[in-house]
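Here are my notes for you to read alongside the picture. Take the points in order and find each spot as you go.

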Amino acid sequence: MSVIALACERPALGGAAQSAPFVSHTVSRATLDLVTTRDGFDALEASWNALFERAGRDIHLFQTFNWLWHWANHYLPAPGERGPKLAIVTAHLDGQLVLVLPLVEERFGPVTQLEWMGEPVGQYGDALIDDMPQADRAALMRDALNFVARETGASALRLRRVREDSNIAPILAERGALVVGETQAPYLSLKGVETFEALLQRHSRSTQRNRSRQRRKLSERGALAFDYRTHGQEADALTAFAFAYKRVWLASRGLYSRAFADPRTAQFFADVSRAETHPAGCYVAALESGGHTAAVEVGVRCKGRSAIHIGTYDLAYEKAAAGALLMEDSIRHALAEGMTGFDFLPPAYDYKLEWADTSMEVRDWALPLSAVGKMYATLYLRGLRGVLKHGVESMPLPIRRKIATLLNR
């Protein structure tokens with residue numbers, strides 16, 4: 001592992017020197033390490049968990065040690081294989097871990113890219129940083145970014161799904177990183193809500209009547225039951241339903257998902273949903289109709305926040321609104337369990353906005369670190385990629401289905 005002492009002034013990403021705000025003598029004594037091995041990551045478990053307990057927020061569902069431990073089990077390549085390599089930046093002060101910037105580096109042709117550890121199963125990316133004055137936090141983050149760029153020699157930093165209220169977003173904006181994608185994360189606050197009926201009253205009477213009608217019609221096909229699991233073989237079995245249903249749904253829409261096409265994704269969620277050790281807050285919920293699993297939801301909970309990660313349903317129950325009814329039951333269950341908020345995760349589809357009372361801006365950022373990285377970020381990530389995506393999405397459904405089939409193969 002490489003080690004460097006922090007200073008109050010560092011060359012900024014991109015090369016030019018910039019003066020940082022005054023940094024306390026305490027923070028200037030911190031040291032940065034670059035963790036590049038699995039053993040090095042595993043050795044961080046106790047200190048990472050302690051930092052998360054002190055400074056992790058409910059938005060850091062995907063920065064827990066346990067979540068990334070399961071990710072490492074499935075996504076880190078075996079020796080000699082191609083794939084992401086760990087590039088985790090840590091900062092210690094007087095022997096105590098005060099910052100974790102969980103990154104990996106991966107090469108694509110001539111480009112070496114730094115991205116979040118946890119891709120593609122993590123939905124929010126951020127750094128964990130201890131409580132300290134804002135100027136010190138900002139200086140520590142700047143030095144962490146400069147350090148990892150220098151130590152890895154990467155072409156570009158590409159950080160997806162960064163919330164506007166994250167620790168790292170202000171630093172990326174300050175550094176002049178490019179916004180290469182934007183979306184919204186709908187959210188429903190459950191603070192101060194005493195009953196689920198109080199939530200229902202926020203909706204119009206016609207909406208309430210429509211949901212009651214949908215539930216009644218679905219119950220006519222068989223008795224309804226809500227199932228909720230946090231571990232074990234039952235959770236694993238429901239997760240398998242979720243992936244089977246989602247793949248059929250994607251194919252029916254002519255959509256391709258890199259994550260769902262990758263067998264490691266299903267293996268990861270099977271592992272994290274049934275986990276008896278290193279629990280990562282994963283849960284699986286299902287709506288059954290006459291004993292048949294009509295809809296499935298895979299989510300994550302962290303410090304009072306409940307988030308839907310995967311929501312899907314059997315296409316035979318599409319017109320019966322099984323997915324929407326499961327979401328309603330899941331919100332009811334989260335409230336009963338004492339959750340303080342329900343996160344629908346990006347993007348902001350209409351069915352999510354029906355329940356949400358606020359939304360958070362979520363951006364994809366790209367920061368060039370070399371001439372090659374600048375071409376990659378500006379020409380591809382900010383330009384060509386969006387044009388190609390729009391072009392495919394505008395094609396007739398039969399053609400999209402053929403393209404998706406070929407990509408999945």
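Before we start: a strand here is a DSSP run of E with at least two residues, and strands are numbered from the N terminus. Also keep in mind that this is a predicted model.

1. **Arg161 and its backbone.** With that definition in hand, go to strand E11, residues 156-163, where you'll find Arg161. Its phi is near 55°, a positive value in a residue that isn't glycine. That's worth a second look because most residues other than glycine have a negative phi. Is Arg161 buried or exposed? Arg161 counts as buried, since its relative accessibility is 16% and the cut-off for buried is under 20%.

2. **Lys303, another positive phi.** Lys303 isn't a glycine either, and its phi is about 50°. Look for Lys303 in the loop that runs between strand E15 (292-302) and strand E16 (305-313). With a relative accessible area of 39%, Lys303 is partly exposed.

3. **Two cis peptide bonds.** Glu119 and Pro120 are joined by a cis bond with omega about 0°, and Pro120 sits in the loop between strand E9 (111-116) and strand E10 (128-129). Pro346 and Pro347 are also joined by a cis bond, with omega about -5°. You'll find Pro347 in the loop between strand E17 (341-343) and helix H13 (350-353).

4. **Helices H8 and H12.** How do helix H8 (residues 205-219) and helix H12 (residues 322-336) cross? Their axes come within 10 Å and cross at roughly 110°, so H8 is roughly perpendicular to H12. The crossing of H8 past H12 is left-handed. While you're on helix H12, find His333, which is buried at a relative accessible area of 18%. The C-alpha atoms of His333 and Phe196 are 9.1 Å apart, although 137 residues separate the two along the chain.

5. **Salt bridges, starting with Arg29.** A search of the whole structure turns up 23 salt bridges. Side chains of opposite charge can pair when their charged atoms come close. Arg29 is in the loop between helix H1 (25-28) and strand E4 (31-35), and Asp94 in the loop between strand E6 (88-93) and strand E7 (96-101), so the pair ties together parts 65 residues apart in sequence. Arg29 is partly exposed at 39% relative accessibility, while Asp94 is exposed at 61%.

6. **Glu174 and its partners.** Glu174 forms a salt bridge with Arg142, with the closest N and O atoms 2.6 Å apart. Arg142 is in helix H5 (residues 134-152) and Glu174 in helix H6 (residues 169-174), so this pair links parts that are 32 residues apart in sequence. Glu174 also meets Arg175 in a salt bridge, at 3.4 Å from N to O. Arg142 is buried at 11% relative accessibility and Arg175 is buried at 12%, whereas Glu174 is partly exposed at 37%.

7. **A network and a patch.** Salt bridges link Arg211, Arg215, Glu328, Asp329, Arg332 and Glu354 in a network. Val372 belongs to helix H14 (residues 371-393) and is partly exposed at 32% relative accessibility.

Terms used:
Residues numbered from 1 in each chain as written. Predicted model: local features only at pLDDT ≥ 70, side-chain atom pairs only at ≥ 80, totals over all residues. Heavy atoms only, no water. Helix = DSSP H or I, 4+ residues; strand = E, 2+ residues; numbered from the N terminus. Buried < 20%, exposed > 50% of the residue type's maximum accessible area, 1.4 Å probe, protein only. Axes fitted to C-alpha atoms, helices over the stretch in contact; angles between N-to-C directions. Parallel < 35°, antiparallel > 145°, perpendicular 65-115°, else oblique. Left-handed = near helix turned anticlockwise from the far one by under 90°. Salt bridge = Lys/Arg side-chain N within 4 Å of Asp/Glu carboxyl O.
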